[in-house]
Amino acid sequence: MRQDAPAAELTLTADDARRITLRAQGLLGAVPGRGSAAGVAAMLRRVGAVQLDTISVLARSHELVAYARLGPVPRRRIEQAYWHPDRPAAFEYRAHEACVLPIEQWPAFAFRRRAARAAGRRWHEVSARACERVLARLRAEGPLTASQLGGAKGGGPWWDWSEVKVAAEWLLDIGEVICVRRTGWRRVYDLPERVLPGDLLGDQLTDEQCLARLAAVTGRALGVATRADFIDYHRLSRFVNGRPGSATAIDEAAAAAGLVPVAVAADGLDGRGSSGGRRCVAAWADPAALAAASAGRRERGRVTLLSPFDSLIWDRRRTLRMFGFEHSLEAYVPRHKRVHGYYTMPLLAGGRLVGRVDPARDGTTLVARRVWMEKAAAAGPMARALREAARWVGCDDVRLEQAEPGEYAPRLAAALADGPGVEVS
């Protein structure tokens, strides 16, 4: 082990680490509340952050994350669990990216709110007068969208935001307003003191305490994590990388969170240490995750399609390291340069990433525009995942357009044909 790594008494294999992470992410073993709104809320607390994105193919990403873990939960229940109109259980803020976060995490992001205030701006100037107007309206009228505040669109730069939208987003950055629900995909801005419990408002954490809280969240969400994993999960690079003692800061936060130092030995892992002649990397593990792993229970894993923004795979380097699977989002790549498709969704089956599909919808038909499978045996799981996803989004048909490698296509077509309403073109 490298001298600067935490002292580890336990060495995990790559398979150990992969199974621990799948279980921690709610993709292996029984998940309480599966199929219910309560299950969605528990899932959010479990993974710690659910990334938001505007792209909607089968559904929006925050819905797909819940579906991958809980099965075909009605989409209205997912929305209600995230943005309950009467009992706020979550809020939106920048974590990995723009994310839905459990409401109890509000104090842990004080360090980011302070940093935003100290910077004085994002990528745009903020009008103090516009900020005062937004706050005055919210105090007087209650929660409002940007449109209700005066309009989200403007006539200039900054993503063509209006002055009032710029002000509302800046106030969100620094914590003077909060978003605990959306309506028609529009953020509803409110005052923290109106929606947060007093104990959360009064929980004033130092930067070090914030990092420790987030280390605990990451440890619980991933089960086992390297320093790089901790940094990426909540995008902490601006706050730790390149600073004296940054590695120590992560280790101290993990130790304060009660995590256990471990070494992970595996082929392809990032790391230059060695343990017993094997390559290994220093990491930290959640004690509860280790206890569950040591129980040795045989557990079934989900067979499902994953959002490109799913927390299991949003760190591309970690995905390659853990699954040997290269994954990237090509939605913003010119069509002629795409390798796998516009919104490629990896297939999780048997605890491995064994394929991917670029889906679309044509009326009530789910279109598998391009499917790739690692091996022929992935055809059955791929067909199962496509049929389940189709039913969930209200499609009664699946149309297969292209499958790769070509020699696997007949097997996939046959597997799909075992289900109702399938076309193969």
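1. In this predicted model, Val-50 has Val-100 in strand 4 as its bridge partner. Strand 2 and strand 4 (residues 98-102) run antiparallel and are joined by two bridges; strands count as paired if DSSP finds at least two bridges between them. Strands (E, at least two residues) and helices (H or I, at least four) are DSSP runs, numbered from the N terminus.

2. The open sheet here consists of three strands in the order 2-4-3, with antiparallel pairing. Strand 2 (50-51) and strand 3 (90-94) are its edge strands, each pairing on one side only. Strands of a sheet pair through backbone hydrogen bonds, either parallel or antiparallel.

3. Another open sheet has three strands in the order 5-7-6, and the pairing is antiparallel. Its edge strands, each pairing on one side only, are strand 5 (144-145) and strand 6 (178-183). Helix 8 (residues 163-174) packs on this sheet and touches strand 6 and strand 7, where contact means heavy atoms within 4.5 Å. The direction of helix 8 makes about 65 degrees with that of strand 7; axes are lines fitted to C-alpha atoms, for helices over the stretch in contact, and angles run from 0 to 180 degrees between N-to-C directions.

4. Strand 6 is joined to strand 7 (residues 186-190) by five bridges, and the two run antiparallel. Ile-178 has Asp-190 in strand 7 as its bridge partner.

5. The chain as a whole has 18 helices and 18 strands. Of its 425 residues, 54% count as buried, that is, under 20% relative accessible area (1.4 Å probe, protein chains only).

6. Residues are numbered from 1 along each chain as its sequence is written. Local features need pLDDT of at least 70, side-chain atom pairs count only at pLDDT 80 or more, and totals for chains, interfaces and linings use all residues, while side-chain values use heavy atoms, leaving out hydrogens and water.

Conventions: Buried < 20%, exposed > 50% of the residue type's maximum accessible area, 1.4 Å probe, protein only.
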